[in-house]
Amino acid sequence: MTEEKNTKQNEIQTFGEYDVEMEKLRRKDLKKRDFRKFWGIYKHRVISLALALITAICLLSLGFWRTLLIWIVMLIGYAIGAWKDRDIKFLKFFSKLFEN
């Protein structure tokens with residue numbers, strides 16, 4: 001009888017507060033790693049989807065011309081920011097765009 005009781009006590013594993021907190025941290029790290037992996041693979045798709053959704057909402061609520069104006073102003077703002085940051089990729093693209 002005592003042998004059976006000792007076996008049951010060994011099967012029941014007790015977790016302390018430290019173990020629970022460490023498990024929470026481990027799961028948080030796994031979620032963060034999984035999100036980084038997902039973002040690395042699908043980053044451009046997610047950004048494009050978000051821009052398409054914003055554009056669709058603007059088209060439905062504001063109309064075509066106002067939405068177009070918003071996009072033009074945003075592109076001009078991006079161009080000024082990239083120029084101030086001296087973004088090499090943007091400067092090469094811009095020079096090729098307005099090449100003779």
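This report walks through the helices, aromatic pairs, surface and salt bridges of a predicted model.

## Ground rules

Since it is a predicted model, local features need pLDDT of at least 70 and side-chain atom pairs count only at pLDDT 80 or more, while totals for chains, interfaces and linings use all residues. Residues are numbered from 1 along each chain as its sequence is written, and side-chain values use heavy atoms, with hydrogens and water left out.

## The overall picture

Helices here are DSSP runs (H or I, at least four residues), and strands are E runs of at least two, numbered from the N terminus.

Of the 100 residues, 5% are buried. For the cut-offs, buried is under 20% relative accessible area, exposed is over 50%, and partly exposed is in between (1.4 Å probe, protein chains only). The accessible surface of the chain comes to about 10000 Å², with 64% of that belonging to carbon and sulfur atoms; areas come from the Shrake-Rupley method with a 1.4 Å probe, and for residues only the protein chains shown count as cover.

## Helix H2 and its kink

Where does H2 bend? The kink, about 75°, is centred on Tyr42. The bend at a residue is the angle between axes fitted to the seven residues ending there and the seven starting there. A straight helix of 46 residues would span 68 Å at 1.5 Å a residue, but H2 spans only 55 Å between its end C-alpha atoms. That expected span is 1.5 Å times one less than the number of residues.

Tyr42 is partly exposed, at 32% relative accessible area.

## Aromatic pairs

A search of the whole structure turns up three aromatic pairs. In one of them, the ring centres of Phe38 and Tyr42 sit 5.0 Å apart with planes at 45°, so the pair is tilted. Rings of Phe, Tyr and Trp (its six-membered ring) pair if their centres lie within 6.5 Å; planes under 30 degrees apart are stacked, over 60 edge-to-face, and the rest tilted. Both residues belong to H2 (residues 17-62), four residues apart, or about one turn.

Phe64 and Trp65 make an edge-to-face pair, 4.9 Å centre to centre with 80° between the planes. Trp65 is exposed, at 65%.

## Salt bridges

How many salt bridges does the whole structure hold? The search finds four, each needing a side-chain nitrogen of Lys or Arg within 4 Å of a carboxyl oxygen of Asp or Glu. One links Glu21 to Lys24, with the closest N and O atoms 3.6 Å apart.

Glu23 meets Arg26 at 2.6 Å, N to O, and Arg27 at 3.0 Å, and the three residues are linked in a network. Glu23 and Arg26 are three residues apart in H2, so about one helical turn separates them. Arg26 is partly exposed at 43%, whereas Arg27 is exposed at 51%.

Just after H2, Gly63 takes a positive phi of about 105°. Arg86 has a positive phi too, about 55°, although it is not a glycine. Arg86 sits in the loop between H3 (64-85) and H4 (88-97) and is exposed, at 60% relative accessibility.
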